[in-house]
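Subject: The structure I promised you

Hi,

Here is the structure for you to look through. Open it first, then read my notes below with the picture beside you.

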Amino acid sequence: MSMIRDLRAAVRPRPSPRKDSGSYDTTRDPGTPSAVVDCAVYRDGARVQTRTPLTPQEAMRQVRRDGGFVWIGLHEPTEDEFAGIAGEFGLHPLAVEDAVQAHQRPKLERYDDSLFTVFKTIHYVEHDRLTATSEIVETGEVMCFTGRDFFITVRHGGQGSLRALRHRLQDDPELLAKGPSAVLHAIADHVVDGYIAVADAVQDDIDEVETEVFSPGRKGTPRGTDAGQIYQLKREVLEFKRAVSPLLRPMQLLSERPMRLIDPDIQKYFRDVADHLARVQEQVLGFDELLNSILQANLAQASVAQNEDMRKITSWAAIIAVPTMVCGVYGMNFEHMPELHARYGYPVVMGITVGLCLSIHRILKRNGWL
């Protein structure tokens, strides 16, 4: 149990994405070439210190000579920049193509000497007020090559930096001594914990929209909201769903099937990641269904409001029809009309007209039309 607690503490991200938007680091180390953010050799759970930054080729030569494993982090490499590393570590061409082009769905692919894993990272975008064009979530990608003595991460997007995670792992030599599979688990757990934080933030937005839709407006009737806001939020939830749902099967495979490149002591911890991921998936599916219901309710409220307006218009038209009819009768201009010469004809007709209008108004108001 103590090992589980240590493992969770080492890989769990400290800040919430709602508060720490500045922690997403896209800078590259000026001391490393091209797209390489960091390159280091780890032996017995500790980072091997060098006087100058290592190139991937130098790091691999050290590992083959003295043991350990190399962890290389890259940010949006070009095909030419990645070609040398792919050749040095014998990466499969199909996986290399996916890593360079990005825009991949979460997946796990097994090759002869490596595992290729794709994670979608999610960042919650802070906003003062939800609008029909608000961006709620921002996505990125982290692609991982796991080998016997190497671990390579290829990151795409302006968020999801792994620098803080690398430092936390370096503070836990016992865990890092498990090799590349420990790093793979740490990244998976880091990504899924980010999903949990974003799901909580999205829940707040949905609660706000739900309150706005069903809160009383004039005369106690629901005031509704702009359907564009609900639809935009639904689109962002769909983007979230595309990141979460496809990842569940790879996490189940990593937790259930023995794999040559995954340390048996680490494999059991993937079950915890899969469990948390399943919970997030249930939340996201619930968000989708709830937004469908909110959108339908909002549209129904708009229809009810339109019907209410039509009833009022129809009621006033019925009231105005009475004087219109009387005026129409007197406007026929026939010479022999008995009412034209009556002394009290005008006040009697006007009184009857007003009385009829007031009676109709009372009846319609009593029935809820006015």
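Let's start with helix H3: its buried residues pack against E1, H2, E3, helix H4 (93-101), strand E6 (137-147) and strand E7 (150-156). Buried means under 20% relative accessible area, exposed over 50%, and partly exposed in between (1.4 Å probe, protein chains only). Packing and touching are about contact, meaning heavy atoms within 4.5 Å.

Before going further, keep in mind that this is a predicted model, where local features need pLDDT of at least 70, side-chain atom pairs count only at pLDDT 80 or more, and totals for chains, interfaces and linings use all residues. Residues are numbered from 1 along each chain as its sequence is written, and side-chain values use heavy atoms, with hydrogens and water left out.

Back to H3. Which of its residues are buried? They are Phe82, Ile85, Ala86 and Phe89. These cover an arc of only 105° around the axis, so they sit on the same side of H3. On the face of H3 turned away from the buried side you'll find the exposed residues Asp80 and Gly87. Just after H3, Gly90 has a positive phi of about 65°.

Now look at helix H2 (residues 56-66), where Pro56, Ala59, Met60, Gln62 and Val63 are buried. Looking down the axis of H2, you'd see them within an arc of 155°, so they line one face of the helix. Arg64 and Arg65 are exposed on the face turned away from that buried side. The buried residues of H2 pack against strand E1 (36-43), strand E3 (69-75) and helix H3 (79-89). Just after H2 comes Gly67, with a positive phi of about 90°.

How do H2 and H3 sit together? Their axes are 10 Å apart, at an angle of about 15°. (Axes are lines fitted to C-alpha atoms, for helices over the stretch in contact, and angles run from 0 to 180 degrees between N-to-C directions.) H2 and H3 are therefore roughly parallel to each other; angles under 35 degrees count as roughly parallel, over 145 as roughly antiparallel, 65 to 115 as roughly perpendicular and the rest as oblique. Pro56, Gln57, Met60 and Arg64 of H2 meet Gly84, Ile85, Glu88 and Phe89 of H3.

Leu165, Arg168 and Leu169 of H5 make the contact with Val183, Ala186, Ile187 and His190 of H7.

Last stop: His361, in helix H12 (residues 345-366). His361 is partly exposed, with a relative accessible area of 25%. Leaving aside residues up to four places away in sequence, His361 touches Trp316, Ile319 and Leu370. Ile319 is 42 residues from His361 along the chain, yet their C-alpha atoms are separated by 6.7 Å.

Key: Helix = DSSP H or I, 4+ residues; strand = E, 2+ residues; numbered from the N terminus. Arc of directions from axis to C-beta.
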